Amino acid sequence: MAYLQFFGGIGEIGGNKILLEDEGVRVWFDFGKSFNMGSDYFTGWLRPRSQAGIGDYFEFDLLPRLRGLYAEDQISCTPLRYEEPRFDAVFLSHAHFDHVEHIRFLDPSIPIWCGSGTKLFLEAAEETSGFINYGEHEYHTFRTGDRISVGTLEVEPIHVDHSIPGAYGFIIHTTAGTVVYTGDIRAHGPMQEMTEGFLEAARDAEPVALISEGTRMVARERRKNLSEAQVLKGVKRVIEEANGEKKSIFYTHNRRNTDRFRTFYTAAEALGRRISVTPKTAHLLWKLIEDQHLDLPNPMTDDSISVYYRRKKSGEYQEKDYYNWERPFLDKAVTAEHVRSHPTDFIMDLDFNRFTELIDIRPQPGSYFIYSMSEPFTEDDIEDQVMRNWLDHFGLRYHQLHASGHMSRKELVKAIEVVNPKRLFPVHTENPQMFKRFFSCAEEPEKGKRYML
Ligand SMILES: [Zn+2]
């Protein structure tokens, strides 16, 4: 007998926690955190207490109360008694926090399987952030072509295209037939043939069940959506304009989206500028060159990459002012003064949380800002308003250029038709019911309910 159970990613985008059980073997696929995790109870600095372990999460039913799942120190303040693990493995599709974040609560002796890229992302996050700690785990990495046996289960990870490298979908062979889990996928990125290859392999496996993401399963798409190639074109256009006017360019994007990094890097190089990144991005690139498949430039040796350092109190950019992980790139330091006096040298990575640097840089009015992320969900988004206030204050011109990490509705429907599953379970979507419009085999998963395959 095989069963599927869903403990997260139900009727919401992200927070995937999918449990597959086969002849008593129990394996998780993703163990992420919701984007709106407990936002009814926690907001801003009102957060679950770390010393309470997961007690504060249980209070509001934000994590499943399952025995033999969590680390002993995480449940010591809860009514749940510690037991030896009753779960055999966790497979992670990719390193986005809505798929991995809650592994930090898990019993360290439950093995975690992920792509080698995902492992590097997790390490980089822990090394450069004071508050990210995924806990101790027994990690194993896989690549496309591997077949991993866990008891009666056999798991085939297959590379897919998404807005982070090292993303996988899974074909899982159980005693009750094959189950396919998409993870997060897109069909318009630079590696779209990987997604196509995954869907074909999924189809050939004649799955009894498909667990599909549905981020963009919406009645009407309000955001404009470009391909990565169109983003590159747009960025080049902005640089050409700014070159003509001898103005600075700032941009912001998700650091882990290395395709987007490459887009900015390529555009800058083609039009006679260098790219200036944060020490965090430099550290991440330096980690990721370990994975040669990703083919990223080495921030230590690549002359097209500079690293922007914030001025510390001494004002002298001395090694001792910075964290250990920030120091290796000080040779290539770019300062606020330099950015101001050489507006056409760089395009500069400037995260929203680092906007205060604009006070030191004082860019010329009419400089450019490229927001390379998705637009806010709502019109009264406070962060968006604050960003616009800063842009107005410094007279920066706003451009938004972004390609989604997810399939459009049309692409998604086509993909599911290709796979042709017997049963369809939509996750990672706000509109699971909408799948029924297109597929009679679609079921709206209920949290915690056991579905026999
Ligand atoms: Zn994702």
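Predicted model: local features only at pLDDT ≥ 70, side-chain atom pairs only at ≥ 80, totals over all residues.
Let us look at one of the covering elements, α4. Helix α4 spans residues 116-128 and helix α8 spans residues 279-288; their axes come within 10 Å and cross at roughly 145°. The crossing is right-handed. On the α4 side, the contact is made by Leu-120, Phe-121, Glu-123, Ala-124, Glu-127 and Thr-128, while α8 brings Lys-280, His-283, Leu-284, Lys-287 and Leu-288.

Helix α6 (residues 228-245) packs against helix α7 (residues 258-270) at an angle of about 40°, and their axes are 9 Å apart. This crossing, too, is right-handed. From α6 come Glu-228, Val-231, Leu-232, Val-235, Lys-236 and Ile-239; from α7 come Asp-259, Arg-260, Thr-263, Phe-264, Thr-266, Ala-267, Ala-268 and Ala-270. The contact of α6 with α7 divides into eight nonpolar, two polar and four charged residues.

Is Ser-276 buried or exposed? Its relative accessibility is 0%, so Ser-276 counts as buried. Leaving out residues up to four places away in sequence, Ser-276 touches Tyr-251, Ser-306, Tyr-308, Phe-346, Ile-347, Met-348 and Asp-349.

Lys-436 sits in helix α13 (residues 435-438). With a relative accessibility of 44%, Lys-436 counts as partly exposed. Setting aside neighbours within four places in sequence, Lys-436 is in contact with Ala-442 and Glu-444. The C-alpha atoms of Lys-436 and Gly-145 are separated by 33 Å, and the two residues are 291 residues apart along the chain.

Here are the accessibility values for some of the residues in this report.

| Residue | Relative accessibility | Class |
|---|---|---|
| Ser-276 | 0% | buried |
| His-162 | 1% | buried |
| His-96 | 13% | buried |
| Lys-436 | 44% | partly exposed |

**The zinc site**

Which protein atoms are the donors of the zinc ion? They are NE2 of His-94, ND1 of His-96, NE2 of His-162 and OD of Asp-184, lying 2.2 to 2.3 Å from the ion. Along the chain, these donors follow the spacing H-x1-H-x65-H-x21-D. His-96 and His-162 link distant parts of the chain, being 66 residues apart. His-96 is in the loop between β4 (89-91) and α3 (97-100), whereas His-162 is in the loop between β8 (153-159) and β9 (168-174). His-96 is buried because its relative accessible area of 13% is under 20%, and His-162 is buried as well, at 1%.

The angles among the four donor atoms run from 89 to 173°, and the site is irregular.

Conventions
Residues numbered from 1 in each chain as written. Heavy atoms only, no water. Axes fitted to C-alpha atoms, helices over the stretch in contact; angles between N-to-C directions. Helix = DSSP H or I, 4+ residues; strand = E, 2+ residues; numbered from the N terminus. Left-handed = near helix turned anticlockwise from the far one by under 90°. Contact = heavy atoms within 4.5 Å. Donors = N, O, S within 2.8 Å, 3.2 Å for Na, K, Ca; no water. Tetrahedral: all angles 85-135°; square planar, octahedral: opposite > 155°, others 65-115°. Buried < 20%, exposed > 50% of the residue type's maximum accessible area, 1.4 Å probe, protein only. Nonpolar A, V, L, I, M, F, W, Y, C, P; charged D, E, K, R; others polar.
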